[in-house]
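Visitor: I am new to this structure. Could you take me through it in short steps?

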Amino acid sequence: MAELIICEKPSAAQKVAQALADGKAAKKSNKKVPYYELEHKGKKIIVCTAVGHLYGLAEKDKHGWTYPVFEIEWKPTYEMSKDSDYVKDYIITMKKLSKEADTFTLACDYDVEGEVIGLNALRFACNKKDGNRMKFSTLTKPDLIEAYDNKSAHIDWGQANAGETRHKLDWYYGINLSRALTASIKAAQSFKIMSIGRVQGPALKMIVDREKEIMAFKPVPFWQVHMLAHKHKDFEAWHVEGKFWEKKKADAVFGEVKGEKKARVVSVKRTEFRQLPPFPFDLTTLQTEAHGTMGINPKETLAIAQKLYIAGVISYPRTSSQQLTPKLGYKNIITLLGKQKEYHEFSAMLFNKTLNPHNGKKTDPAHPAIYPTGHEPKGFAGRELKLYDLIVKRFFATFGEPATRESMVVMLDVKKEAFKAEGKRTLVQGWHVFYHPYLRAKEVELPELKEQDIVDVKKLELLSKETQPPKRYTQSSIIRELEKRNLGTKATRAEIVDTLFKRGYADGKQIMATTFGIQTVDTLEKYSPKILDEELTRHFEEDMELIREGKEKPEQVLKQARTVLMEILVDFKKHEKHIGGELLKAVQEARDVASTVGQCHVCKKGMLKIIMNKKTKKRFLACDQYPKCEATYPLPQNALVKPTEGSCVVCGFPQVLVIRKRARPQTLCVNPNCKSKELEKKEQKEVAQIEAGKLVMKCPEEGCGGQLVVRKSFYGQFLGCSNYPKCRHTEGLDGKVSVKKTARAAK
């Protein structure tokens, strides 16, 4: 008999097999599902793989759109979704291999989700109640061997119970509340599938509350007196009053100093302070730093980090820890990193130093902070390499010396009115040297000044300003806020925010609650506020942690959740028609906003709307005054098209935002005859020659044999192969349409 090791993903299974094999692991397959056979210390081992969750929760007996529903069970995901048909072969393979085994070991990601994946594989595919557990934070050979040699005799039941309870809680709330919302729309004599979740409700309310603060904000005017001075170099100073709330007082001060050409330095105060190195990355700080320094959104950051982890170049990214431990072997990692050209100098700087990272307070029972393993990242490019570089440099920086910075405050006198100039500069770089270009410390260096110095006044001005509304959440600040409020988990927060976008509740880089999102929250606050209750959601999050620690039983938590949910649903049912009516109104308004592009330039009365042709399934723009006005305009297909507030600077027509996969969004004029889409004279002549057959251009694709012909699209004219769709070669004509864009336009 053999030992069966169950991994979470195929790539992880390969790493485990290669690490444990005394010789070479034999790769085999069953129904095209890969698995590995190997010898380890004389014992036969089979390494198989899941592909994430093989099993999901579903109703025991389906009852349409009725609610409440609490009778649920785990089912193979291929029975619940056609998109998961491929899972069937993985389960069949795992069942087959389990019959050859007498020992079972989990090697899934060591976290709550990984434990649930492994538990379900054990009990449903392998028909086992328990198994051994390998615990590791990197997919490197030494760590995997150590994890195998020191595997525990049982799975982590705390994580497994907490994870399964979370799945059931999320299912209870997600299905029942979504069905209740959908049923309310049906009660209002319409139909739209609505959805809300246990954490999504409170998260949406956070965004809506901020939006309402912004909408209710009333700016208050204030004035500032600004001075541009010069002594060796230009520098700024501001009147010590800061903000004048009375115009009369500001005018009086400005009237006193206006026209003055000299200022006297009254005092110079320098203060040195130490800036400690940053903490090692946990997932949240990695996501916020990647967004702040490189503009990578949190969801993408997690996806890239997962790829780097699977490749064995960083440790497990789904961690809450800001602490590194000496058992990781700091010197060995730094030595390995030094073999990579980009980090050789940094490695040399730390090599003979006592290595003590500047750890933070946050911990994680399963994993340390995120760190590079020292293995070279092969086959990565673009954002993947940038994120890797950020992680490596953060790792180096945590071992650096504190930086020494100086703040400088200069007080100046202008006709007995006091002005203040402030500067900050770095005196000793310390850890800063490791963290470029991700360092965000501002350098405002003032000239060398001393008391009684006379400086030139180049400009004095009275500035009129207004107080600003609260800032909207960004992709990174919303993640930080959710963590601060203990809503969701480190692994789910980015997905929760992304879901709010997909459902039309929020939009924009600076996260803005849509009209639909605001009206949905208003309706739920009015009739069923517990759906949005942050305290209730946080309470269950705390219960999950108690289950993981073995201090609370899953049955008790689920029983309490069902009781609370029943109260919510009974109360919801009483107001179902009212809720449905208001939600339907919100849905219709949202649809109207999403489809209205701008004013019709033909009749000047109607609005251009995005319309779907029911027969061809193609979208186009049409005036809502049809049949009085028959104006129509084409739209690009196979792309997301959104209205914009702007108008074309060339012809004044409305513009739309065109969003395609793996391409930058484009803002384009809807007018097909706009001069911005016309070709230059030279290019127009070339087009005419091609169309007349006087100029023949062969397709450059090897073995094609076709000719380039002129085609037109929403983007303008371009050259495409006559053998389309067999050959999709295209070339831009006007310099404004890239080859990739025209290729997509031709499809």
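Visitor: Does α2 pass α3 in a left-handed or a right-handed crossing?
Guide: A word first: this is a predicted model. The two elements are helix α2, residues 87–98, and helix α3, residues 112–125. α2 passes α3 in a crossing that is right-handed.

Visitor: How are α2 and α3 oriented to each other?
Guide: Two packed helices are described by the angle between their axes and the distance between the axes. Here the axes lie 10 Å apart, and the angle is about 65°. Angles of 65 to 115 degrees count as roughly perpendicular. α2 and α3 are therefore roughly perpendicular.

Visitor: Which residues in α3 meet α2?
Guide: From α2 come Met94, Lys95 and Ser98. By class, the contact has four nonpolar, one polar and one charged residues. On the α3 side, the residues are Ala121, Phe124 and Ala125.

Visitor: How many disulfides does a search of the whole structure find?
Guide: A disulfide needs two cysteine sulfur atoms within 2.5 Å. For cysteine 7, the nearest cysteine sulfur is that of cysteine 108, 6.9 Å away. The sulfur of cysteine 704 is 3.4 Å from the closest one, in cysteine 721, which is too far for a bond. The search finds zero.

Visitor: Is cysteine 7 buried or exposed?
Guide: Buried means under 20% relative accessible area. Cysteine 7 has 0% relative accessibility, so it counts as buried.

Visitor: Where does proline 68 lie?
Guide: Start with its peptide bond. The bond from tyrosine 67 to proline 68 is cis, with omega near 5°. Proline 68 lies in the loop between β5 (55–59) and β6 (72–76).

Visitor: Which residues does the cis peptide bond with omega of about 10° join?
Guide: Look at the loop between β19 (619–623) and β20 (632–634). Proline 627 has its place there. The cis bond joins proline 627 and tyrosine 626.

Visitor: Is histidine 232 buried or exposed?
Guide: Histidine 232 lies in the loop between β9 (221–231) and β10 (233–239). Its phi is near 75°, a positive value in a residue other than glycine. Exposed means over 50% relative accessible area. Histidine 232 has 65%, so it is exposed.

Visitor: What is phi of asparagine 638?
Guide: Asparagine 638 is found in the loop between β20 and β21 (640–647). At 62% relative accessibility, asparagine 638 counts as exposed. It is not a glycine, yet its phi is positive, at about 55°.

Conventions:
Residues are numbered from 1 along each chain as its sequence is written. This is a predicted model: local features need pLDDT of at least 70, side-chain atom pairs count only at pLDDT 80 or more; totals for chains, interfaces and linings use all residues. Side-chain values use heavy atoms; hydrogens and water are left out. Axes are lines fitted to C-alpha atoms, for helices over the stretch in contact, and angles run from 0 to 180 degrees between N-to-C directions. Helices (H or I, at least four residues) and strands (E, at least two) are DSSP runs, numbered from the N terminus. Angles under 35 degrees count as roughly parallel, over 145 as roughly antiparallel, 65 to 115 as roughly perpendicular and the rest as oblique. A crossing is left-handed if the near helix is turned anticlockwise from the far one by less than a right angle, and right-handed if clockwise. Contact means heavy atoms within 4.5 Å. Ala, Val, Leu, Ile, Met, Phe, Trp, Tyr, Cys and Pro count as nonpolar, Asp, Glu, Lys and Arg as charged, and the others, Gly among them, as polar. Buried means under 20% relative accessible area, exposed over 50%, partly exposed in between (1.4 Å probe, protein chains only).
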